[in-house]
Amino acid sequence: MSVSFCGLELAHPVINGSGTFDAVAAERAFGPVVREEFPFAAYVSKTITLEPRAGNPPPRLWEAAGGLVNSIGLANKGLDGYLREDLPALSGLRTRGGTVAVPLITNVMGSTAAELVALVEACDERQEIAALELNVSCPNVKTGLDIGADPDSLRAVVAEVRPRTGKPLIVKLTPNTADVASCAQAAQEAGADAVSLINTLRAMALAPAGPPGRPWLGARTGGLSGPAIRAIALAQVAAVAERVAIPVVGMGGVQSSRHARDLLDVGATLVAVGTESFRDPVAGARVAAGLA
Amino acid sequence: MGPFHRRRLPVAGMDELGAYRVLRVRDDVEAAAGQFAMLAAAERWGGGEDERPLFARAFSVARQAGGESHYLLEDVGPGTKRLCELRAGEAVDVVGPLGRGFRPPGEGRRALLAGGGVGTAPLAILQDELGAGAAIVLLGFRDAAHACGAELLRDARMATDDGSVGHHGLVTDLLAEELSGERGPVEVYACGPPPMLEAVRSLCEQRKVPCQLALEAGMACGFGACFGCVVPCRGGGYLRVCVDGPVFDGEALERIEEHA
């Protein structure tokens, strides 16, 4: 079921959610087969920031009712580490028995416009990178709200980075907003080539023992993903697909081809599998196979 | 290394071992000592307390014998509760073997195994690999029911918190004694709860003895995808227990903390 997305030719419509699959680690765990039978039609990197980030102190995970609350903290090697070490290792990923190339999509986040510009410009120079995804689920320093939660601040950020690259620009929306469709529209107006959603929903868990009311996660709050968010994802993807003309990558709690089909049916062009990969390393391939 | 997919394998049997259970799975892929697998019951996984479990649970391989992989279980939560219900004829979904296992002892060094509670598991397969009589074995448990776990190994010196079996105290008391003794150069291999591993790490650092520690951490995936299972490492930053470990050189780690 091959599909064309922002000029990229993909073997099928299933990609990974950013931060839910590490191709380099998977190859260490399972061997070179990962490079030939990659479970996704495109590989989206974990969010890359300008400077390296160690991530949040553990505990970083909580198994919730039908889902996962995570607070990883955007752990990554930083731009230089990614470009120097990861990119060479990642080019040459293939699927369908090594017959089809898997394009790379680099997800980036900056806490200032200047940081984001630096990231986008550096990635624009690399031919191994097929597209960029902007993670706008980070707080606006002035307002404290997620940049992506407010259409005006989102429009300004996308407008700032749009001229810096000719590569396809996907904006990863935040679901933690009053009006996701208007945010998507703002991204489109500012020149985004596509939008992706939903990211994780702000959530919390308490320590099972010890003083009452104490957060479990090292960073207090985290993001909820998995089956528990599937119905929310469907609503938000449907609302966005109805509002914008640019393609939509739909995700949130996809565990089967049925769930993927539902997102495609409400207007998504691609679907992403995230949390389910933790339960089944080849969930992406399994979901794709059922769509064919 | 393990195949790149989840495998549905037959349960060969479930044996009682005091407070523990030994899950035997028919499995033709061999693990190395110190490796682990992610296990989930093939049927009725979920719908327990708080609709859990959702994710598979990580267990060290305790033994590899006769076309079976063995895992040491204790019912301590919704995942282990369901796994402990499994019987011959049922099936378990397995991802693994995973992780970096134990490395052989350095030149001229004898293996000194120190286990605490369910941490006994990877030391059993390690003793199998090292061969009869090769290792000195020290095991600690909270009480007699848990001390049955020692049956997985041969010739173990025992400690129990309540004094019902062996030394009344901690396995690290026995370890300190051994390290003060006249055994010649040793390399310590340890697995157990975080406070025990921290005591081993610290003791070995003081006595300048190399040690390999098999850590445990809450993890969703087991193969480096979720970044949830990290442990602080010397020099700053974190390592993932599932792909960088679960076996670490003591020198590579910061103080090992418990998450209550």
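1. Parallel strands in chain B. In this predicted model, strand S9 (residues 136-141) of chain B pairs with strand S10 (residues 156-160) of chain B in the parallel sense, over five bridges. Gly140(B) has Ala159(B) in S10(B) as its bridge partner. S10(B) also pairs with strand S11 (residues 167-168) of chain B, again in the parallel sense, over two bridges. Here Ala159(B) is bridged to His167(B) in S11(B).

2. The seven-stranded sheet of chain B. This sheet is open, and its pairing is antiparallel. The strand order is S4-S3-S7-S1-S2-S6-S5 (chain B). Strand S4 (57-60) and strand S5 (63-65) of chain B stand at the edges. Each has a single partner strand, so one side of each is left without a neighbour in the sheet. From one strand to the next, the twist averages 40°.

3. S5(B) runs antiparallel to strand S6 (residues 68-73) of chain B, and three bridges join the two. Gln64(B) has Ser69(B) in S6(B) as its bridge partner. Helix H2 (residues 120-130) of chain B packs on the sheet. H2 touches S4, S5 and S6 of chain B, and its direction makes about 45° with that of S5(B).

4. Helices H4 and H5 of chain B. The axes of H4 (residues 171-180) and H5 (residues 194-207) of chain B come within 10 Å. They cross at roughly 15°. The cut-off for roughly parallel is under 35 degrees, so H4(B) and H5(B) fall in that class. Their crossing is right-handed. H4(B) contributes Val171(B), Thr172(B), Leu175(B), Ala176(B) and Leu179(B). H5(B) meets these with Met196(B), Ala199(B), Val200(B), Leu203(B) and Arg207(B). The residues of this contact divide into eight nonpolar, one polar and one charged.

5. Helices H6 and H7 of chain A. H6 (residues 180-189) and H7 (residues 230-243) of chain A pack with their axes 8 Å apart, at an angle of about 40°. That angle makes H6(A) oblique to H7(A). The crossing is right-handed. On the H6(A) side are Val180(A), Ala181(A), Ala184(A) and Gln185(A). They meet Gln236(A), Ala239(A), Val240(A) and Arg243(A) in H7(A). By class, the contact has five nonpolar, two polar and one charged residues.

6. The contact between the chains. Chain A gives 35 residues and chain B gives 30. The side of chain B that touches chain A has 18 nonpolar, eight polar and four charged residues.

7. Cis peptide bonds. In chain A, the bond from Pro58(A) to Pro59(A) is cis, with omega near 0°. Pro59(A) lies in the loop between strand S4 (43-44) and strand S5 (61-64) of chain A. In chain B, a cis bond joins Gly96(B) and Pro97(B), with omega about 5°. Pro97(B) is in strand S7 (residues 91-98) of chain B, and S7 is part of the seven-stranded sheet.

8. Leu74(A) has phi near 55°. Leu74(A) sits in the loop between strand S6 (67-70) and helix H3 (78-90) of chain A. Leu74(A) counts as partly exposed because it has 19 C-beta neighbours inside 10 Å. Asp50(B) has phi near 60°. Its place is in the loop between strand S3 (36-41) and S4 of chain B. Asp50(B) has 12 C-beta neighbours inside 10 Å, so it counts as exposed.

Definitions and conventions: Residues numbered from 1 in each chain as written. Chains lettered and ligands numbered in written order. Predicted model: local features only at pLDDT ≥ 70, side-chain atom pairs only at ≥ 80, totals over all residues. Axes fitted to C-alpha atoms, helices over the stretch in contact; angles between N-to-C directions. Helix = DSSP H or I, 4+ residues; strand = E, 2+ residues; numbered from the N terminus. Parallel < 35°, antiparallel > 145°, perpendicular 65-115°, else oblique. Left-handed = near helix turned anticlockwise from the far one by under 90°. Contact = placed C-beta atoms within 7 Å. Nonpolar A, V, L, I, M, F, W, Y, C, P; charged D, E, K, R; others polar. Pairing = 2+ DSSP bridges. Buried ≥ 20, exposed ≤ 12 C-beta atoms within 10 Å, placed from the backbone.
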